[in-house]
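Let's walk through this one together, a question at a time. Have the sequence and the 3D view handy.

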Amino acid sequence: MQPRPGTLHVVATPIGNLGDLSPRALETLRTVDAICAEDTRHTRQLLSHYGIERPLVALHEHNEDLLAERLVARLQAGESLALVSDAGTPLVSDPGFRLVRAARAAGLKVSPVPGACAFVAALSVAGLPSDRLVFEGFLPAKASARRERLAPLAAETRTLAFYESAHRIEEALADMATIFGGDRRAVIARELTKLFETVLDGTLADLQARVAEDPNQRKGEFVVLVQGAGDDADARIAEGKRLYAKLGEHLPPSTAAKLAAELSGAPRKALYGS
Ligand code: SAM
């Protein structure tokens, strides 16, 4: 007789405060056959805090493709597995999507045990429009690639969410202020749920200055939320100019301007000039 297939439980863990691990997450981690973890040493520390001893399998971006098949076979053989990451919700700027996709493709049950997630926690205390959101995760490390990623977001009207690390927060804020405009409202949520949690709000120019003058504000882990562009003429013109410059690399100026005006909704005349 075929064994009943097991479930892959995708379990959120705390983003700082150990009190945020839910009772259901604890119960799941206690009872699965094995736990797939991004960094087994880190997860073992978390588990030992709760007195949990389960076998761990290292699953990270470099071996996920390779391991997914083997883990699916274990699930098919009736084992139950949990997937965790170093912090927060797996798959959110963390490994796991290939394993989840493989398990779902094999018709296996994949069940969430939800909990902490840094950008959702930040959004919940930011006081920025929160019904529509674009999650951008980490920006590229290289300045040119980062600016290229930010440029098309200048006209985005939904709130933007970014993850950032201590060693790039200043550069990222500087690029955001240049590309989105220094007067755009934003929130920096730092070290959420931890001892030195701070949530700063203000304009991008203001936040850039506060982070520059206070070394403590450059320490730890960050979520940066930026209010979307107003759906106004300025945003349409900014987008039109961006498209005009990009299309102008490949098309004659008149065709580039016609297309950019059509796509952005900005008047064609407004696209010439600086
Ligand atoms: N899976 C996680 C989640 O659910 O949010 C995110 C993992 S990602 C690799 C780590 C990044 O999330 C950090 O660099 C930081 O930008 C953000 N982050 C994680 N914990 C945080 C915290 N306590 N406060 C602020 N940002 C945090």
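Q: How many bridges join strand β1 to β5?
A: This is a predicted model, where local features need pLDDT of at least 70, side-chain atom pairs count only at pLDDT 80 or more, and totals for chains, interfaces and linings use all residues. Residues are numbered from 1 along each chain as its sequence is written, and side-chain values use heavy atoms, with hydrogens and water left out. Strands (E, at least two residues) and helices (H or I, at least four) are DSSP runs numbered from the N terminus, and two strands pair if DSSP finds at least two bridges between them. Strand β1 (residues 7–11) runs parallel to β5, and the number of bridges joining them is five.

Q: Which residue in β5 is the bridge partner of V10?
A: Look across from V10 into β5 for its partner. That bridge partner is P112.

Q: What is the strand order of the open sheet?
A: The sheet has five strands with parallel pairing. Its edge strands, each pairing on one side only, are β3 (56–58) and β5 (109–113). Read across, the order is β3-β2-β4-β1-β5.

Q: What angle does the direction of helix α2 make with that of β3?
A: Helix α2 (residues 40–49) packs on the sheet, touching β2 (34–37), β3 and β4 (81–84); contact means heavy atoms within 4.5 Å. Axes are lines fitted to C-alpha atoms, for helices over the stretch in contact, and angles run from 0 to 180 degrees between N-to-C directions. For α2 and β3 the angle is about 155°.

Q: Is S111 buried or exposed?
A: S111 sits in strand β5. Leaving aside neighbours within four places in sequence, S111 is in contact with T7, L8, H9 and V10. Buried means under 20% relative accessible area, exposed over 50%, and partly exposed in between (1.4 Å probe, protein chains only). S111 has 17% relative accessibility, so it counts as buried.

Q: What is the phi of L91?
A: Most residues other than glycine have a negative phi. L91 lies in the loop between β4 and α4 (97–105), and it is partly exposed, with a relative accessible area of 34%. Its phi is positive, near 80°.

Q: Where is T193, which has a positive phi of about 70°?
A: T193 is not a glycine, yet its phi is positive. At 25% relative accessibility, T193 counts as partly exposed. Its place is the loop between β8 (185–190) and β9 (198–203).
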